[in-house]
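Let's take a friendly tour of a protein model and the molecule it holds. Keep the picture open beside you while you read.

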Amino acid sequence: MTSSLTRPPNSQGTATVAVDVVSDVPVRLEDVVDRDALEELCQSMHRLFGISVRVYTSEGTLMASAASELEICRFVNDLPAGRLACGTTVTAAKAVDPGVEGEVTHGCFTGLTYRIVSLDYEGRRVGRIVLGPVAPAMLEEAPPSLAKTVPKLDVVQGNELLTKVPRVKSDALGRLAHHLKTSLELIIFSSHKAYVTSKLHLYSVRESYRELEEKTRRLEQALTRLKELDRLKLNFLATVSHELRTPLTSIIGYSEMLGEGIAGELNEEQAEFVKTIHGKGEQLLALIMGLLDLSKLESGTMSLRESPTQISRVLGDVVSTLAPVARKKEVDLVLDDDGVACELAADPERLRQVFVNLVDNAVKFTPKGGSVTLRARVVDGADDDEPGAALLAPVRRDVVVSVADTGIGIPPVERAKVFDAFYQVDSSSTREYGGTGLGLSIVKRIVEAHGGTVRIESNEATGAVFVVTLPSAQSRRSLPSRVPAALAPDSSKR
Ligand SMILES: Nc1ncnc2c1ncn2[C@@H]1O[C@H](COP(=O)(O)OP(=O)(O)OP(=O)(O)O)[C@@H](O)[C@H]1O
Ligand SMILES: [Mg+2]
């Protein structure tokens with residue numbers, strides 16, 4: 001049988017290449033054929049026709065055998081000369097070359113014969129089938145070669161045993177051999193198909209793995225480059241901000257002095273110009289300070305000067321700082337700390353920065369007539385990270401501060417993004433609120449550096465609520481720190 005396997009279509013040609021890789025390797029009987037199936041086939045032939053069947057690989061290794069020893073063979077083998085001659089015959093039978101697609105008959109000195117059939121696949125020899133020994137239909141008595149080869153043999157008995165061997169006509173043996181060969185080649189075909197499929201699968205898995213490895217390697221390289229760029233960006237930000245601050249402080253100082261008339265009286269227009277220079281200078285300074293803070297927080301070089309801190313004192317300070325701004329905008333600013341007495345281990349100046357940013361936003365995004373409420377409470381919190389240890393763990397006490405306004409609110413889809421640096425919900429050129437989008441990114445980092453969290457909720461009817469949760473001083477001492485190492489408080493500066 002000469003049949004080629006159908007190649008699976010593939011627009012990129014990968015499968016075709018793989019098939020070529022597989023099909024270019026010569027098929028070996030021992031690789032593709034299931035031995036059990038082969039053995040089963042030989043056994044059934046032997047059972048049906050009583051003829052011994054052996055299948056060899058092209059290298060002469062026995063793959064399957066279904067054979068029973070004939071009495072005549074046993075009789076001959078009992079004598080040393082017979083045994084020797086028998087061995088030589090079998091070896092010669094195995095070595096006979098039937099030619100591709102061919103078959104030959106090989107005679108034995110007993111008069112019996114072997115039929116050797118070539119086993120082929122896609123025009124290549126993959127093995128051979130040896131049928132026999134059988135007695136040809138014409139055999140009546142042992143040929144002279146029997147007595148000649150084994151002189152001590154009882155020829156009469158030999159002849160008697162030879163008559164017991166079933167006679168097989170040459171063409172019947174040929175049909176049998178052909179049938180067996182066809183069946184075997186069918187097995188080889190289906191086994192080879194399965195073999196190619198599995199090899200193909202293996203090949204494509206290997207190929208995908210290699211591609212994946214390559215992509216991972218490229219991603220790792222990109223990540224390293226991005227990290228390096230990020231580090232350079234932070235350095236650049238820190239240096240530029242620092243260098244800008246000094247001349248800017250002078251601009252602000254001199255414009256202030258000019259405004260106060262120290263260098264002579266200004267007319268109304270000059271005073272207006274100087275006021276603008278001063279205002280813009282202050283705005284720029286706030287931006288630069290924000291950038292500096294952010295780069296320090298990101299690079300982990302900002303140290304916290306922690307000390308025992310009362311949250312109500314921080315919030316009181318924030319409210320008195322921003323009360324004038326709120327009053328000017330006609331927004332009601334309310335502090336509700338319910339006499340909270342809970343000590344935090346925190347950097348009061350940084351906490352002040354957090355709540356100034358939040359209250360400043362709340363006032364900024366609340367229209368005239370609205371209100372901003374700062375509420376502080378102490379709650380017993382559970383440590384979500386270690387649910388199993390909740391029973392044994394000391395009770396965690398948290399200070400929860402909410403900054404609620406009745407302003408424009410933040411849509412839920414924007415709530416995670418507003419903590420990114422420079423992100424503003426409305427960044428259009430027609431935006432009516434000032435700012436650069438740095439405040440909340442600084443808030444988040446400072447809160448997390450204190451082991452806390454910040455989240456956004458909706459206010460009842462309209463507006464946003466920022467909820468900051470900070471662990472109490474006692475909780476921070478008894479619970480494992482959640483602060484990233486890079487932001488850990490600097491004990492040397494305490
Ligand atoms: N209370 C709030 N109500 C509605 N939107 C808010 C509120 N707080 C923040 N936002 C939205 O989140 C964005 C980011 O706030 P963030 O404080 O980081 O920046 P900013 O206030 O625009 O500028 P900056 O704080 O740097 O001066 C704001 O621009 C705004 O779109
Ligand atoms: Mg802000």
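## Who surrounds the ligand?

The helix α11 gives the most to the shell around ligand 1, with three residues. In this predicted model, two elements give two or more residues to that shell: α11 (348-364) and α12 (439-449).

The shell holds 20 residues, and those that come nearest to ligand 1 are Asn361, Lys364, Gln424, Gly437 and Leu440. What kinds of residues make up the shell around ligand 1? They divide into 10 nonpolar, seven polar and three charged.

## Contacts from the backbone

A backbone N or O atom of Thr436 lies 3.0 Å from an oxygen atom of ligand 1. For Gly437, a backbone N or O atom is 2.9 Å from an oxygen atom of the ligand, and for Leu438 the distance from such a backbone atom to a ligand oxygen is 2.9 Å.

How much of ligand 1 does the protein bury? Taken alone, the ligand exposes 590 Å², and the protein buries 93% of that.

## The largest pocket

Where does ligand 1 sit? Its place is the largest pocket. This pocket has a volume of about 1400 Å³. Of the 45 residues that line it, Asn357, Asp360, Asn361, Lys364 and Gly435 are the closest to its centre.

Several elements give two or more residues to the pocket lining: α9 (268-299), α10 (311-329), α11, β11 (396-405), α12 and β13 (464-471). The largest share, 12 residues, comes from α11, the helix that also gives the most to the shell around ligand 1.

## A cavity to finish with

Rolling a probe the size of a water molecule over the atoms shows where empty space is left. In this model, the count comes to one cavity of 30 Å³ or more, and the largest cavity has a volume of about 40 Å³.

Which residues line the largest cavity? They are Cys73, Val76, Cys86, Cys108, Phe109, Thr110, Tyr114 and Pro133.

Terms used: Residues numbered from 1 in each chain as written. Chains lettered and ligands numbered in written order. Predicted model: local features only at pLDDT ≥ 70, side-chain atom pairs only at ≥ 80, totals over all residues. Heavy atoms only, no water. Near = heavy atom within 4 Å. Polar contact = N/O pair within 3.5 Å; in protein donor to acceptor, adjacent residues only side chain to side chain. Areas by Shrake-Rupley, 256 points an atom, 1.4 Å probe, with all protein chains shown as cover. 1 Å grid on protein atoms, 1.4 Å probe; cavity = no way out; pocket = protein on both sides within 12 Å on 5 of 7 lines; lining within 4 Å. Sits in = over half its atoms within 2 Å of the grid points. Helix = DSSP H or I, 4+ residues; strand = E, 2+ residues; numbered from the N terminus. Nonpolar A, V, L, I, M, F, W, Y, C, P; charged D, E, K, R; others polar. Points joined across faces, edges and corners; volume = space filled by probe spheres on them.
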